[in-house]
Amino acid sequence: RQPIPGMKIEIVRKSAAALTTLDVPADATVLELKKMLFKKYSRYPVCRQRLTLEKEKKVVALENPKKLSEYGIADNAQLFFKDLGPQLPFLTVYIIEYFGSLVFYPMFALRLWAFPAWLFGWLCNSDASPALHRYLFPGCDHTQRADWSSSLSFTQQVALFLWMLHFLKREFESVFVHEFGDLTMPVFNLFKNSIYYWGFAALVGYFVNSPCTPEPARINFYIGLPLFLMFLTLNFICHMQLRAMRPKGSSVFVMPKGFLFDIVTAPNYFCEIMMWFSFNILTGFTIGGVLFNMCGAYQMVVWAKDKHMKYRKMFPAYPKSRKILIPFIW
């Protein structure tokens, strides 16, 4: 067998300062190149490296599985290097951020924290802040003081069960359903995501379970509960479909198809949004619940739009009739 000819690749920083020059086989992959760079500079593990190529005045990010030749990279080519900083696996970040939601919400639901009787108890005190009290708790009997020793109402008990069910599902999917491969994210994302999920778990937990929150009408239960469970189930089915479409152990993009994916690009996001809307129907549209629903919906709209554009670019046969997020509308 003839030896595979090598080529020299110059690695430079964005500032154009040379980092190193590596001798690599002509059929090497991007991942193999990154491993060679890591071998020379141990402070830059593969997950911290971002290599790009300037091609036709465009910056092209190099993907690990692809061969250098697929990008037209030849001898004496120049690649740009960026240190992404400390990284954490996707799985680690997801487990931690969802775990916080399983802790902070029950703290308020089960009245296990001192805050309800102290700081947040002040908000429920109509004598101390009558205007704020009426704004935060519409429909409440403002002549009564909050009693944090009272038992949870029927709706509050159901809401606690649904909240825990959803985030236990997320933990299960993170471990057993989603395929992350070697994907990582900056350590900073752990703090950012945790603040989002933990903060909203506390906010929603407080407003839904506050003794100041009036018990919604029973029709809210009859509408909200079945809708929540339906969209929760549909969301899980979408995730199982995505898993089945990808080769085992891979996180590569495939063109989704079948069931709700034939209607919209991101049915899992749509079901997630509608699930929390159903939760708000059940709980009477508390301030915390509505804010959580709106913030999540905004982010998922952005993700869905980006994913739709990416699929259309990646797959020429992507159906033009398929909507982005809302079935038959958008």
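F292 is buried in this predicted model, its relative accessible area being 7%. Because burial requires a value under 20%, F292 falls within that class. The residue belongs to helix 9, which spans residues 287–314, and its ring takes part in an aromatic pair with Y196. Y196, by contrast, is partly exposed, with a relative accessible area of 28%.

A pair of aromatic rings is described by the distance of the centres and the angle of the planes. For Y196 and F292, the centres are 6.2 Å apart and the planes meet at 45°, so the arrangement is tilted. The pair links distant parts of the chain: Y196 lies in helix 6 (residues 187–209), and 96 residues separate it from F292. Across the whole structure, 34 aromatic pairs are found.

Another of these aromatic pairs is formed by Y311 and Y318. Their ring centres are 5.7 Å apart, and because their planes stand at 45°, this pair also counts as tilted. Both Y311 and Y318 are buried. The ring of Y318 has a further neighbour in R322, which lies over its face at 4.8 Å from the ring centre.

Strand 1 covers residues 6–13 and strand 2 covers residues 18–25; the two run antiparallel and are joined by seven bridges. Within this arrangement, K8 of the chain is placed opposite D23 in strand 2. The hairpin formed by strand 1 and strand 2 has four residues between the strands, and there A16 adopts a positive phi near 75°.

Strand 1 also pairs with strand 5 (residues 77–83), here in the parallel sense and over five bridges. E10 has Q78 in strand 5 as its bridge partner. Strand 1 therefore has an antiparallel pairing with strand 2 and a parallel pairing with strand 5. In a regular strand the side chains alternate between the two faces of the sheet.

T52 is located in strand 3, which comprises residues 49–55. Its relative accessibility is 2%, and T52 therefore counts as buried. When residues up to four places away in sequence are set aside, T52 touches K14, V59, V60, A61, L62, L79 and F80. Among these contacts, L79 and F80 fall within the residue range 77–83 of strand 5.

Note on methods. Residues numbered from 1 in each chain as written. Predicted model: local features only at pLDDT ≥ 70, side-chain atom pairs only at ≥ 80, totals over all residues. Heavy atoms only, no water. Buried < 20%, exposed > 50% of the residue type's maximum accessible area, 1.4 Å probe, protein only. Contact = heavy atoms within 4.5 Å. Phe/Tyr/Trp six-rings, centres within 6.5 Å; stacked < 30°, edge-to-face > 60°. Lys NZ or Arg CZ within 6 Å of the ring centre and 35° of its normal.
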